[in-house]
Amino acid sequence: MPHAAAPPVILGNEPGSFPRSVLAERHPAIIRQVREAFPYGPDHHRGLDALLAACADGVIDPLPADAHDRDRWRVWGLDAHTGSSWFDVPWLWSESYFYRRLLEAVGYFGPGPWRGIDPFRPFKLAELEAPETDEELAALDALEGRPVEEQDRALLHGSLWGNRADLGFRLSDAGAEQRAAVPGLVADDSERLWELLPQADADSGSDTGSGSGTGTGTGTGTVCLVADNAGRELVPDLLLAAHLLAHRRCGRVVLHVKPYPYYVSDATTADVVDAVRKLSGARGAAGGRGRRLWQAMADGTLTVRAHPFSAAPLPYERMPDDLRAEFASATLTIVKGDLNYRRLVGDSRWAPTTAFADVTAYFPGPVAALRTLKSDVITGLDAGTEAALVAAEGQRWRTGGTHALIQVRE
């Protein structure tokens, strides 16, 4: 299948555009929140102030000469963009480099005592411990004893709509969480997703068990689940993983997370541990699933992968060979969230009716996207759906977080 030719990549320099608002408004807000979240010292404050000034009207500076990943960022385009305005380089690149420079400012990679301290951790933990999270976990009890196919749908949609729990998105759109989600998906390939996995083993035992199940199913193969946000989004992702393993839809789940804090709420290995602990300590069905996940990590049926490319400012089309081989060997790769969708299809202003299969033709194996819409990029819509959305909402449907999709390329 030929790869669709991409339009020019999205920049942040168009007045009034969503990307420009992220660079000009969201990033300064994030700097201020991080500054207030920790008792950082004078050097850190100076670093944050310098980054804030650069975001407003400055240019992109190189990483320090002793930065551990300087050569990697040079391969990723740093030399070409140094000296340019943050608004005049590809938006995906500019966003990613902003978070890398934020970590530099707070000493995350440095030799001092702040090394490895996640500047977003207070926000992540607050969300994980929020009453809304406990309410969502309690709702799992209602799924007990329901047909497997009903659980399939509920947990897949829980993972999908969990993508609304995006701290960075809510920082720039205070009303996002109050807006009601639109129940109908703009694209729904969920049946094709389930067809790519072995038939569920209804006799494999309850998801609440702590073991690997005792049924007669023969679930084999690997599902790669490329996570997006921590907290209230990562919890339903983990619940979906537990369900796939419990009902032998696969033999192994590989959870891909970020190698370091990224995009305010993107999940790292530490966030996975926090989420599994949260689940394991919950009451009812949630606690059982948490204990199952704990055991799955111990026996290797759930593994965590933090590849450096997961935080690269580049589309997945440019993934390195080892990551390509890993996705090629998977029965299915599930890609979560808005940022990962932009990286999957390319951060360009595609015509919405451009076929999803065409723009993902490069991907080395079957791939599914689960995403709520929080940026302009969209593919795979039929003309009638696009026309109805535009007639009802103009272009707001692209960025408001109220619409969602499930798309599959086999």
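Helix 12 (residues 269–280) and helix 13 (residues 284–299) pack with their axes within 6 Å, in what is a predicted model. The axes cross at roughly 135°. The two helices are therefore oblique to each other. Angle and axis distance are the two values that describe a pair of packed helices.

Which residues make the contact? Helix 12 contributes V272, V276, R277, L279 and S280. Helix 13 contributes A286, G287, G290, R291, L293, W294 and M297. By class, the residues of this contact split into seven nonpolar, three polar and two charged.

The loop between helix 12 and helix 13 holds G281. Is G281 buried or exposed? It counts as exposed, because its relative accessibility is 63%.

Next, the cysteines. How many disulfides does a search of the whole structure find? The count is zero. C224 is in no disulfide, and the nearest cysteine sulfur, that of C250, is 10.0 Å away. A disulfide needs the two sulfur atoms within 2.5 Å.

The table sets out the accessibility of the residues discussed, with the class each one receives.

| Residue | Relative accessibility | Class |
|---|---|---|
| G281 | 63% | exposed |
| C55 | 4% | buried |
| C224 | 0% | buried |

C55 counts as buried because its value of 4% is under the 20% cut-off. C224, at 0%, is likewise buried.

Key
Residues numbered from 1 in each chain as written. Predicted model: local features only at pLDDT ≥ 70, side-chain atom pairs only at ≥ 80, totals over all residues. Heavy atoms only, no water. Axes fitted to C-alpha atoms, helices over the stretch in contact; angles between N-to-C directions. Helix = DSSP H or I, 4+ residues; strand = E, 2+ residues; numbered from the N terminus. Parallel < 35°, antiparallel > 145°, perpendicular 65-115°, else oblique. Contact = heavy atoms within 4.5 Å. Nonpolar A, V, L, I, M, F, W, Y, C, P; charged D, E, K, R; others polar. Buried < 20%, exposed > 50% of the residue type's maximum accessible area, 1.4 Å probe, protein only.
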